[in-house]
Amino acid sequence: MIRGRIKHLLHCMFFLLFIFFFLVFAGAINLDDNEKEFIDPWENYGVFGALILYILRLLTLLTIPQVLCNFAGLTLFNAFPGKIRLKSSPLLAPFICIRVVTRGDFPKLVKDNVNRNMNKCIDVGMENFMIEVVTDKAINLPKHRKVREVVVPSDYQTKSGALFKARALQYCLEDQVNILTETDWIVHLDEETLLTENSLRGILNFVMDGQYQFGQGLITYANEQIVNWLTTLADSFRVADDMGKLRLQFYLFHKPLFSWKGSYVVTQVSAEKKVSFDNGLDGSVAEDCFFAMKAYKEGYTFNFVEGEMWEKSPFTLWDFMQQRKRWIQGILLVVHSKEIPLVNNVFLAISCYSWVTLPLSTSNVVLAALCPIPCPQFLDIACGFTAAVNIYMYIFGVIKSFPVHRFGPLKFILFVGGALATIPLNIVIENIAVIWGMLGKKHKFYIVNKEIKTPVTV
């Protein structure tokens, strides 16, 4: 723990220095007495042109709430907690159902991961658990007393007409299907998600504490075989996002202010049944987001679960873009839903619209050089701070995903450089995903490829 605190202190010092030097480099902080050349935007660009330039500059402020939360989450809480220690014996834990929802397209992947996750639970000393696979297509898992396969009937319909993953999740809660008691717990995983001993200890501590009805933890993407280095390095931002705003909103507010992810979700059965996944078409594309905001509306509390789980980034840039497109479409449906009051989704809405306006706000990168405009210093500092924090999140994501002690300093530096090099590509893909998502049909659910094909020698 002491070593982790020292690493956290060094990270905070580097983070603050990075922001400071970035602001100096960007010209937001002037260390000398030289005055900037004054440009009259109204005369140079006309009234209409100047207004457009200032509006585009102000759009970057939409990201301020999540940037501040990421900054606070990465600095206020230890970013290197180390090994999680159990607060009590696993034998005293309530019953835990590890639920995997799949369409059934990757049966080998599901079977392999069920086996791996089963062994990991046994290694930690868990006894009171089972793994439940909910699938649209039969997988025919090997019979085991701690494994249950639930096949969703093709003619099953929810009361509100929920589709896709939400439909399968709701089927599990039906009285004739559900075998869990109100006080049991569910750990929701995607079909590619792998448990770790640290995450299981974190889950056990969370459910034995029992103070909060919902929880979520960190997912990393650079473990074992890396299929696509570009998407994996780009996803280093998501790792930092989990350690930043996700931790802050749960540790400090115990509310999903900015929503949450659909995997590594821990829920109490009674609370999940009351919130339910039966939320119509609008709650079917980003069912995790809709569920979180609905639970927030109904007064349930959340907390961060210590320990990381493993997943893989999309295998192709096409899947990477499709994934982002579905997210933006699904979140837009949640933000515009009449079922979620503005008081509950205000931060999600601001975050969503900062994403929707990404094509406009990123134009500032070019326009700031071609058409400079004088701005108040606070605006320059706010824009510079936003850029610095977002860039540093890629660096921090690499620190968490590719630790120096595992890969050595040379490879680590290459990984950091690689992650920073993916930023322009990531921005382009995000922009395409936003435009496509805004113009395309929103009630669709694209499933990315998750199974590594083993080459066959003929």
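A cavity is a set of grid points where a 1.4 Å probe fits but cannot get out, whereas a pocket is an open set. The volume of either is the space filled by probe spheres set on the points. The structure shown is a predicted model.

By this rule, three cavities of 30 Å³ or more are found. The largest cavity holds about 90 Å³ of space. What lines the largest cavity? The lining consists of Lys165, Leu169, His188, Trp260, Lys261, Gly262, Val265, Phe277, Glu287, Asp288 and Phe291. Helix 11 provides the largest share, three residues. In terms of residue class, the lining of the largest cavity comprises five nonpolar, two polar and four charged residues.

Open space is considered next. The second largest pocket has a volume of about 1600 Å³. It is lined by 47 residues, of which Phe80, Pro81, Gly82, Lys83 and Lys400 are the closest to its centre. Elements that give two or more residues to this lining are helix 1 (2–26), helix 7, strand 5 (214–220), helix 9 (236–253), strand 7 (302–310), helix 16 (377–401) and helix 17 (404–439). Which element gives the largest share of the lining of the second largest pocket? That share, seven residues, comes from strand 7. By class, the lining of the second largest pocket divides into 22 nonpolar, 13 polar and 12 charged residues.

Helix 7, one of the elements lining that pocket, also takes part in a helix pair. Two packed helices are described by the angle between their axes and the distance between the axes. For helix 5 (residues 107–124) and helix 7 (residues 197–209), the axes come within 10 Å and cross at roughly 65 degrees. The crossing of helix 5 with helix 7 is right-handed. On the side of helix 5 the contact is made by Lys120, Cys121, Asp123 and Val124, and on the side of helix 7 by Glu197, Leu200, Arg201 and Leu204. This contact has four nonpolar, no polar and four charged residues.

Record annotations complete the picture. An unreviewed UniProt entry lists residues 12–31, 51–77, 342–358, 378–400 and 412–439 under "transmembrane region". In the model, residues 378–400 are 100% helix and 0% strand, with end C-alpha atoms 32 Å apart. Residues 412–439 are likewise 100% helix and 0% strand, and their end C-alpha atoms lie 40 Å apart. The unreviewed UniProt entry also lists residues 185–397 for "domain: Glycosyltransferase 2-like". That span is 57% helix and 12% strand, and its end C-alpha atoms lie 30 Å apart.

Terms used:
Residues are numbered from 1 along each chain as its sequence is written. This is a predicted model: local features need pLDDT of at least 70, side-chain atom pairs count only at pLDDT 80 or more; totals for chains, interfaces and linings use all residues. Side-chain values use heavy atoms; hydrogens and water are left out. On a 1 Å grid over the protein atoms alone, a cavity is a set of points where a 1.4 Å probe fits but cannot get out, and a pocket is an open set with protein on both sides within 12 Å along at least five of seven lines; lining residues have an atom within 4 Å of a point. Helices (H or I, at least four residues) and strands (E, at least two) are DSSP runs, numbered from the N terminus. Ala, Val, Leu, Ile, Met, Phe, Trp, Tyr, Cys and Pro count as nonpolar, Asp, Glu, Lys and Arg as charged, and the others, Gly among them, as polar. Axes are lines fitted to C-alpha atoms, for helices over the stretch in contact, and angles run from 0 to 180 degrees between N-to-C directions. A crossing is left-handed if the near helix is turned anticlockwise from the far one by less than a right angle, and right-handed if clockwise. Contact means heavy atoms within 4.5 Å. UniProt positions are given in the numbering used here, feature names are shortened, and annotations may be inferred rather than shown by experiment.
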